Amino acid sequence: MDFEALFQGQLDDLKAEGNYRIFAEMERKCGHHPRAANQTETGARDVTVWCSNDYLGMGHHPDVINAMIEAAKSCGTGAGGTRNISGTAVQHVSLEAELADLHQKEAALLFTSGYVSNWAALGTLGSRLPNAVIFSDALNHASMIEGIRHSRADKVIWKHNDPEDLDRKLAAVPADRPKIVAFESVYSMDGDIAPIAEICDVADKHGAMTYIDEVHAVGMYGPRGGGVAESLGLMDRITLIEGTLGKAFGCFGGYITGSKALCDFIRSFSSGFIFTTALPPAVAAAAQKSIQHLKSSDVERQRQREQVAKLRARLDYFGIPHLDNSSHIIPVMIGDPVKCRMISDILLSDFGIYVQPINYPTVPKGTERLRFTPGPLHTDADIEHLCQALNSLWQQCALSRQVA
């Protein structure tokens with residue numbers, strides 16, 4: 001069997017479809033976010049990053065950096081193993097208390113990434129709750145889908161952000177079966193926001209547990225950065241709130257929050273927690289400092305919203321098509337994988353603008369896009385340069401314009 005030929009054949013097919021992923025090598029410059037140096041075969045070039053999930057630039061905040069440095073000096077770089085074997089670091093305990101407070105829950109539990117926290121929590125709930133049924137929004141993230149699949153629980157998919165469809169499908173399942181309604185607050189590719197109150201109403205009507213993924217919302221929404229549920233005053237209605245430390249908090253790791261019994265249940269039965277090396281204590285210390293800062297500071301969020309509004313207005317002025325939503329995510333629609341890749345490449349090489357193309361399977365075929373995430377450190381000049389570049393490429397590529 002020629003395995004190399006099998007590998008290469010499928011890679012060639014991926015390239016022919018325009019969906020082969022190419023990594024741009026970036027050297028970030030501490031304290032200069034969103035600037036970076038793009039390393040190429042001909043040398044380095046300065047670029048402005050427009051697709052970072054470090055939405056507020058907290059990964060470059062001096063207090064966050066110093067917290068990591070001091071913790072590393074104090075206790076070293078790694079956790080030494082799983083929390084069961086190597087012991088729980090004081091930084092883990094302190095960060096979990098900080099997260100529980102952020103979401104006004106009794107407890108929290110740390111994981112090594114947001115992907116793992118979804119996979120582990122949903123996988124454990126679905127497998128350990130007898131005869132459980134998980135009701136999954138049609139556009140849930142791959143980590144949630146994998147967790148549900150891993151659980152082997154019965155799954156029902158309901159129409160995206162459609163409480164009426166959820167109601168019908170919950171009603172079709174016997175009342176005595178445990179039910180889990182799993183959904184996101186901010187959907188990362190379209191940037192739309194779930195009708196959380198209506199979903200909670202339907203879940204309560206049928207005695208279902210609510211599970212919300214707030215990874216693209218924590219730090220960004222609410223008076224203390226607790227997410228969309230906090231901004232709407234709904235955190236108490238959510239059974240389990242899942243989040244990440246790797247986006248707006250600018251660090252690394254994932255977590256869940258909920259009741260003491262719920263978090264202990266996941267801690268005690270989840271292989272994704274039990275058998276995984278714990279977060280480095282220095283990372284936990286930095287994350288806690290970032291959370292503490294954003295609990296009391298609204299400056300970053302307000303500035304970020306201003307820049308989002310400015311970018312949307314300039315895109316409208318030039319007729320560049322983008323999805324209308326109420327979040328911080330601005331998807332500029334291309335609709336063709338080859339053109340999406342080409343425009344991304346030209347923006348990087350000719351204009352010093354870095355934005356990755358979003359193609360299948362991340363989004364459905366025919367909805368390929370560039371996903372922009374303006375931050376508080378993008379200047380008005382950055383926004384103008386980006387929009388002028390897009391306008392030029394729209395003319396060159398004869399792409400359709402959005403009519404106001």
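Predicted model: local features only at pLDDT ≥ 70, side-chain atom pairs only at ≥ 80, totals over all residues.
**Strand 7**

I started at strand 7 and looked at which way its side chains go: Lys179, Val181 and Phe183 point one way, Ile180, Ala182 and Glu184 the other, and all are buried (under 20% relative accessible area; exposed is over 50%, partly exposed in between, with a 1.4 Å probe and protein chains only). Six of the six residues of strand 7 are buried, so the strand is largely enclosed by the rest of the structure.

Residues are numbered from 1 along each chain as its sequence is written, and side-chain values use heavy atoms, with hydrogens and water left out.

**Neighbours of strand 7**

Next I checked the partners, counting two strands as paired if DSSP finds at least two bridges between them. Strand 5 (residues 133–137) runs parallel to strand 7, with four bridges, and Ser136 sits opposite Ala182 there. On strand 8 I found five bridges to strand 7, again parallel. Phe183 has Ile212 of strand 8 as its bridge partner. From strand 7 the chain goes through helix 8 to strand 8, a right-handed β-α-β crossover (with the strands pointing away from the viewer, the path from the first strand over the helix to the second runs clockwise).

I then looked at helix 8 itself. Helix 8 (residues 196–205) lies across strand 6, strand 7 (179–184) and strand 8 (209–213), at about 175° to strand 7. Angles run from 0 to 180 degrees between N-to-C directions, and axes are lines fitted to C-alpha atoms, for helices over the stretch in contact; contact means heavy atoms within 4.5 Å.

Which order do the seven strands take? I read 4-10-9-8-7-5-6, an open sheet with mixed pairing. Strand 4 (107–111) and strand 6 (154–158) are at the edges with a single partner strand each, so one side of each has no neighbour in the sheet. From one strand to the next the twist averages 20°. Strand 9 (residues 240–244) and strand 10 (residues 254–258) are antiparallel over four bridges, and I noted Ile241 opposite Thr257.

**Glu214**

Is Glu214 buried or exposed? Buried, at a relative accessible area of 0%. Setting aside neighbours within four places in sequence, I listed its contacts as Ser185, Gly226, Gly227, Val228, Ala229, Ile241 and Glu242. I also looked up Asp336: from Glu214 it is 122 residues away in sequence and 30 Å in space, C-alpha to C-alpha.

I found another open sheet, with four strands in the order 1-2-3-12 and mixed pairing. Strand 1 (26–28) and strand 12 (353–354) stand at its edges, each with a single partner strand, so one side of each lacks a neighbour in the sheet. Strand 1 pairs antiparallel with strand 2 (residues 35–40) over three bridges, and Arg28 stands opposite Ala36.

**Aromatic pairs**

I counted four aromatic pairs (Phe, Tyr and Trp rings, the six-membered one for Trp, with centres within 6.5 Å; planes under 30 degrees apart are stacked, over 60 edge-to-face, the rest tilted). One of them is Trp50 with Phe372: centres 6.3 Å apart and planes at 75°, so edge-to-face. Trp50 is in the loop between strand 3 (43–49) and helix 2 (62–75), Phe372 in strand 14 (residues 369–372), 322 residues apart. Trp50 is buried at 1% relative accessibility, and Phe372 at 0%.

Phe111 and Phe273 are also among the pairs, with centres 5.8 Å apart and planes at 75°, so edge-to-face. Phe111 belongs to strand 4 and Phe273 to helix 11 (residues 271–274), 162 residues apart; both are buried.

How values were computed:
Helix = DSSP H or I, 4+ residues; strand = E, 2+ residues; numbered from the N terminus.
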